[in-house]
Amino acid sequence: MGGAIVRRILITNDDGINAPGLKVLEQIARNLAEEVWVVAPEHDRSGAGQSISIHDPLRVYEQGDKRFAVSGTPADCVLYSLAQWFGETPPDLVLSGVNCGANISDSVQYSGTVGAVLSAEHMGIPAMALSQAFLSREGVDWSPVSIFGETVIRQLWQPGQNRAWNVNFPACEVAAINQARWCKQSNGSIQSARLLAGQDARSLPYWWLGFDRSSRHIVAPDEDVSVLRDNAIAITPLRHREALPGGTDVFDLAATAAH
């Protein structure tokens, strides 16, 4: 597909250092960079958004060559890496994911996957969030991002441009995907907050916080929910409104699928 496009990539996620999506992203990154660093939360930090740890110290555990687990959030992972290892030679690109589940509509504001990307962009580093939608958590199919992820990153990469993108891969057969499309982030999919109450072993109450969601009303063809429904890859700009590189709104992926 091509050689390295950058010298160094930093990858992270919010599902944790042992998540299957991180393994997928690491394989993609090694085709794109001469050097890949993996710095991810030691546990699942989904919902962390762009939060950082200010009430607890960070603890870091080496798990291999250029591979570390961090006790904090995805944003912590990015900021710690920049401060600890990279100094005057930051990574050329930060990749976050691959998240288990889409990060679209109202979910984006809570996403630790996206939070890491926004933290990188704020520090002047181009970054992309990658997420794989699924129909059932019991059988997540990583094929769409595994097949198309590298191609999409190559097409989004703009040397010298600090851009952040949110990329979501549809839950469908690879053969059904032939486009990646620029789209807007939709809103209104979170209908209300929801609490699931329980009691601990000492009969003290606790609550799990969740949401009632519906995206049936989101039908605009240029919004993220609709693009995924069309079995296309949804590419949303973060903190900018520019078109895809080349001034287009669509990447043709038919040739990639054929290979």
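The model is predicted: local features need pLDDT of at least 70, side-chain atom pairs count only at pLDDT 80 or more, and totals for chains, interfaces and linings use all residues. Residues are numbered from 1 along each chain as its sequence is written, and side-chain values use heavy atoms, leaving out hydrogens and water.

**Exercise 1.** Find how many helices and strands the chain has, and why it counts as compact as a globular protein of its length.

*Solution.* Start with DSSP runs, numbered from the N terminus: helices are H or I with at least four residues, strands are E with at least two. The chain has 6 helices and 12 strands. Next, take the radius of gyration over C-alpha atoms; the globule rule is 2.2 Å times the number of residues to the power 0.38. For 259 residues the rule gives 18 Å and the chain's radius is close to that, at 18 Å, so the chain is as compact as a globular protein of that length.

**Exercise 2.** Work out what share of the 259 residues is buried.

*Solution.* Buried means under 20% relative accessible area, with a 1.4 Å probe and protein chains only. By that cut-off, 51% of the residues are buried.

**Exercise 3.** Locate Thr-113, decide whether Thr-113 is buried or exposed, and list what Thr-113 touches.

*Solution.* First, Thr-113 sits in helix H3, residues 112–122. Second, its relative accessible area is 0%, so Thr-113 is buried. Third, look for contacts (heavy atoms within 4.5 Å). Leaving aside residues up to four places away in sequence, Thr-113 touches Asp-14, Ser-96, Gly-97, Asn-99, Asn-103, Ala-129, Leu-130 and Ser-131.

Terms used: Buried < 20%, exposed > 50% of the residue type's maximum accessible area, 1.4 Å probe, protein only.
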